[in-house]
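Subject: Structure for you to look at

Hello,

I am passing on the structure we talked about, together with some notes to read beside it. Please keep it open while you go through them.

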Amino acid sequence: MKKCYINGIGCISAQKTFEGGFLDEVEVNTTDVIFSAKNPDYKAFISPGAIRRMAKGVKMGIAASQYALKEANVEIPDAIITGTGMGCLQDSEKFLKAIIDNKEQFLTPTSFIQSTHNTVGAQIALNLQCKGYNFTYVNGAISLESALVDALLQIETREAGTILAGGVDETSGHTLSLYELIGLIKKKDQGPIDVLNPKTPGAVFSEGAGFFVIENQKKSTTYATLEAVGTQNTLQESEVISFIENFLNTNNLKPQDIDAVVLGNNGDVAFDGYYNEAETLFSNTPQVYYKHLCGEYNTATSFGLWTALHILKKQEIPQILQKNQVTKHPINRVLLYNHYRGKDHSLTLLNHADL
Amino acid sequence: MENLKHELKTKIIEALNLEDIAIEDISDDDPLFGDGLGLDSIDALELIVLMDKDYGIKLTDPKEGKTIFQSINTMAAYITEHRSK
């Protein structure tokens, strides 16, 4: 089977991840319960004629994918695979509001066309004039991982040699106000938010896009190899350890073979117990957390993956990401574990490119 | 008529998200499609909905659109003659 090399990455998030170094400048927001992604200059990537119709998710997706392709020196990939939990929320809300406001008449086409979940993948393809395989996975918090599984299978079975895969989700006013009502988002003004020592339920929400060029050949730009992705719809806390051990066994590994574990703690006191369980397997392994920097969204693991790839390439874990004080060198294998509210569990295994 | 033209420009900029264009940038005789404002077929659908919603004009013959949507002047003239709102 062919190896899957990750040769280019592009990430837009609440941090300055788009250009520059590896979290050289960070902003830790401990007060807001919703925060936005930082915008690059979208006009550098999208024509003025096209940009005027695009909501933020589409713009983030196009810009992040362009950046990843440029870094990997790829003009047109063989396939574009997108993951999104909620799709183009802003246009969906606009369209639904127009239906209500206009009593089901006078419906304009733009927000309808752009409200479908596959808009991001479609617009990336249109922008590139890429006529290859184009697929969008909408699987909640494992949407990105579903896209990665597809990419892995296509590279391993030689269906494609160069794949652009990624995840994107945008914030939108009405949906997030409903999230607040049902307690998915933390209540405002409950004091500073501490993701590692949560005392309240709910998470801090945000948005972002992360795209990755996955290829069948190593390049000078290679970050790591994508070895395996595992997903599980639901688990009890008591089942987390066996879920991880089984995944590692399948890949002929033991917990001590992992040089860093990247955990998706989002500060929800009701569900972060899953991560406490996972930690017991990795007490002698450097532990990394990241959602205090990027917030929670269905494809927040794209930020986690971006982080893990930088850790493997640079062989360093910035202090702002360190969950414990354990160090290990060299860092050859990184495992990401994520779930959302006890559902959509995912494990992603990355290896150093030379391993 | 001048008020209607001004109103149309405002509505078009808003409905079509013409972010970088101000009312002063649109001349009454500028072609809306092609070389002028550079609108496309999706914009044409938006304009048809705008005519129906705001002026009560239902365009049923697509050929009509070519003449009506030539410029702000032609739109304003057609609206003045056919509006029911």
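A residue is called buried when its relative accessible area is under 20%, exposed when that area is over 50%, and partly exposed in between, with a 1.4 Å probe and protein chains only. This is a predicted model, in which local features need pLDDT of at least 70 and side-chain atom pairs count only at pLDDT 80 or more, while totals for chains, interfaces and linings use all residues. Residues are numbered from 1 along each chain as its sequence is written, chains are lettered from A and ligands numbered from 1 in the order in which they are written, and side-chain values use heavy atoms, with hydrogens and water left out.

Salt bridges

By the rule used here (a side-chain nitrogen of Lys or Arg within 4 Å of a carboxyl oxygen of Asp or Glu), there are 21 salt bridges over all chains. In chain B, B:Lys11 and B:Glu7 form one of them, at 3.8 Å from N to O, and both residues lie in helix 1 (residues 2–15), 4 residues apart, or about one turn of the helix. Helices (H or I, at least four residues) and strands (E, at least two) are DSSP runs, numbered from the N terminus. B:Lys11 is partly exposed at 23% relative accessibility, and B:Glu7 is partly exposed at 32%.

In chain A, A:Arg341 and A:Asp268 form a salt bridge, with their closest N and O atoms 3.8 Å apart. This pair links distant parts of the chain, 73 residues apart, since A:Arg341 is in the loop between strand 9 (333–340) and strand 10 (343–352) and A:Asp268 is in the loop between strand 7 (260–263) and helix 9 (273–281). A:Arg341 is partly exposed, at 31%, whereas A:Asp268 is buried, at 3%. A network of salt bridges also links A:Arg52, A:Arg53, B:Asp40 and B:Asp43.

The two domains of chain A

An automatic or database domain assignment gives chain A a domain 1 (5–215) and a domain 2 (226–352). Contact between them (heavy atoms within 4.5 Å) takes 51 residues from domain 1 and 43 residues from domain 2. The buried area, meaning the accessible area (1.4 Å probe) that two parts lose on being put together, summed over both, is about 3,900 Å², and carbon and sulfur atoms give 72% of it. How many salt bridges are counted between domain 1 and domain 2 of chain A? The count is 0.

Best wishes
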